[in-house]
Amino acid sequence: MNYKVRLIIFIFLVVMLTSCSRITDMDVQYSKVTDNQLGYGIQILNTNNEIIKEFKHEVSENFDFKVRFYNRSGHPNQFKLIMLLNYLEIDYTSTDKLFNNNEYFFLENDADIVIPLSIPVTYKNHSFAPLIVSVVAGPQKHAGDLGDTSDFYGVSQRIDLTQQDNMLKPFESKSIKYSSNTRVLISKDPSNVYEGILINQDNYSENEFFRLPPNELKTKPNENVKLNVRVNGLAKDYLAFFLLNWKQIEVNENENWWYLRNPEGDTAYKEITIKAPEQPGKYEISAYLVSNPWLIRDDDNNVSFTIDTSFRFTLHVE
């Protein structure tokens, strides 16, 4: 075989291997921190190891699936897996003893792990149930100790569970009511616009610069903590849920989430109250923002299905 033929074969093999690598990466939901693909990746797989985003499911059965998680952040870390069904946090079981509720797991940099999972599925009398799977990076750390707040601390994926049982009603998003006490800020100054979700204690005005939350907020046990939340984006509807130490909490005493209609490019604003824990210590506050939360993926709508996170910060109960 002459030199030119060997060179052509070599180039062909390099191109094929590069293409396969790119195809594999395209199948992964990544949360990036740099242009060099650093960050975290997540895939939702069925029991046959096939990537899925929508799954037809029998009513009376558990949903068995797998989560493949990639750590390409540049350093090893502790992680925590959390899940919400119908935007309410749920427990899960795994055949792997390493993965139990409220347990952290460790993963080296540039490594991946596959977690087999099983959850009970409820459809709330409808034929559609959205499932959020999220892996939190550094759950044991506190912004107050690090001296820095961040909106990059993991990666999330949404999958829609559906079924065709005639006993259940077709899902209609209008059956979910929008949250009350939502105000709209008409942002006259572009510097006041923050895309995504932001939590702090500022009293926002239309012409005011937005500010990030403090690294640490001090309070007393069982004290009511007042916070302000703002949302801005281009989707039709949004749903925000709130976490304290990576457990979903109610706000304003009995609200599981904030479901709002997009104010056409302006900023939606809401005042919320959370109750501080009884035990002194440090707790992380965070929020997730889901776009088009009640729109089914197979509706053939040209819309985005994103999951954004707020800046996390520490609630220090003294």
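## Salt bridges, rings and backbone in a predicted model

Glu318 and Lys218 form a salt bridge, with 3.7 Å between the closest N and O atoms. This pair joins distant parts of the chain, 100 residues apart. Glu318 sits in the segment after β21 (313-317), and Lys218 belongs to strand β13 (residues 216-219). Glu318 counts as partly exposed, because its relative accessibility is 41%. Lys218 has a relative accessible area of 52%, so it is exposed. The model is predicted.

**Overall make-up**

The protein has two helices and 21 strands. It contains 318 residues, and 46% of them count as buried. Take the contacts between residues at least 6 apart in sequence: 76% of these join residues at least 24 apart. The accessible surface is about 16,800 Å². Carbon and sulfur atoms account for 49% of that surface.

**Charged pairs**

Side chains of opposite charge can pair when their charged atoms come close. The whole structure holds nine salt bridges. Three of them, including the opening pair, are set out here.

| Pair | Closest N to O distance |
|---|---|
| Glu318 and Lys218 | 3.7 Å |

Arg183 is partly exposed, with 41% relative accessibility. Glu271 is also partly exposed, at 47%.

How are Arg158 and Asp160 placed, buried or exposed? Both residues are buried.

**Aromatic rings**

A pair of aromatic rings is described by the distance of the centres and the angle of the planes. The search of the whole structure finds 17 aromatic pairs. One of them is Tyr87 with Trp294: the ring centres are 5.0 Å apart and the planes lie at 90°, so the arrangement is edge-to-face. The two residues are 207 residues apart and link distant parts of the chain. Tyr87 is in the loop between β5 and β6. Trp294 is in the loop between β19 (281-291) and β20 (307-309). Tyr87 is buried, with a relative accessible area of 0%. Trp294 is buried too, at 6%.

Which residues form one aromatic cluster? They are Tyr40, Phe69, Phe79, Phe105 and Phe152.

A ring can also face a charge. The charged end of Arg312 sits over the ring of Tyr153, 5.4 Å from the ring centre.

**Backbone with positive phi**

Most residues other than glycine have a negative phi. Asn86 is not a glycine, yet its phi is positive, about 55°. Asn86 lies in the loop between β5 (77-85) and β6 (88-89). Its relative accessible area is 4%, so Asn86 is buried.

Asp110 also has a positive phi, near 60°. This residue is in the loop between β7 (104-107) and β8 (111-120). Is Asp110 buried or exposed? Asp110 counts as exposed, because its relative accessibility is 60%.

**Two buried residues in strands**

Asn232 is part of strand β14 (residues 224-232). It has a relative accessible area of 6%, so it is buried. A polar atom of the Asn232 side chain lies 3.0 Å from the backbone oxygen of Asp266. Beyond its neighbours within four places in sequence, Asn232 contacts Val193, Tyr194, Glu195, Gly196, Gly265, Asp266 and Thr267.

Phe242 is in strand β15 (residues 237-244). Its relative accessible area is 3%, so Phe242 is buried. What does Phe242 touch, not counting residues up to four places away in sequence? Its contacts are Ile199, Val229, Lys247, Gln248, Ile249, Val251, Trp258, Ile272, Ser286 and Ala287. Phe242 and Thr309 are 67 residues apart in sequence. Their C-alpha atoms are 10.0 Å apart in space.

Key
Residues are numbered from 1 along each chain as its sequence is written. This is a predicted model: local features need pLDDT of at least 70, side-chain atom pairs count only at pLDDT 80 or more; totals for chains, interfaces and linings use all residues. Side-chain values use heavy atoms; hydrogens and water are left out. Helices (H or I, at least four residues) and strands (E, at least two) are DSSP runs, numbered from the N terminus. Buried means under 20% relative accessible area, exposed over 50%, partly exposed in between (1.4 Å probe, protein chains only). A polar contact is a pair of N or O atoms within 3.5 Å; within protein, one must be able to donate a hydrogen and the other to accept it, and residues adjacent in sequence count only if both atoms are side-chain atoms. Contact means heavy atoms within 4.5 Å. A salt bridge is a side-chain nitrogen of Lys or Arg within 4 Å of a carboxyl oxygen of Asp or Glu. Accessible areas come from the Shrake-Rupley method with a 1.4 Å probe; for residues, only the protein chains shown count as cover. Rings of Phe, Tyr and Trp (its six-membered ring) pair if their centres lie within 6.5 Å; planes under 30 degrees apart count as stacked, over 60 as edge-to-face and the rest as tilted. A charge sits over a ring if NZ of Lys or CZ of Arg is within 6 Å of the ring centre and within 35 degrees of the ring normal.
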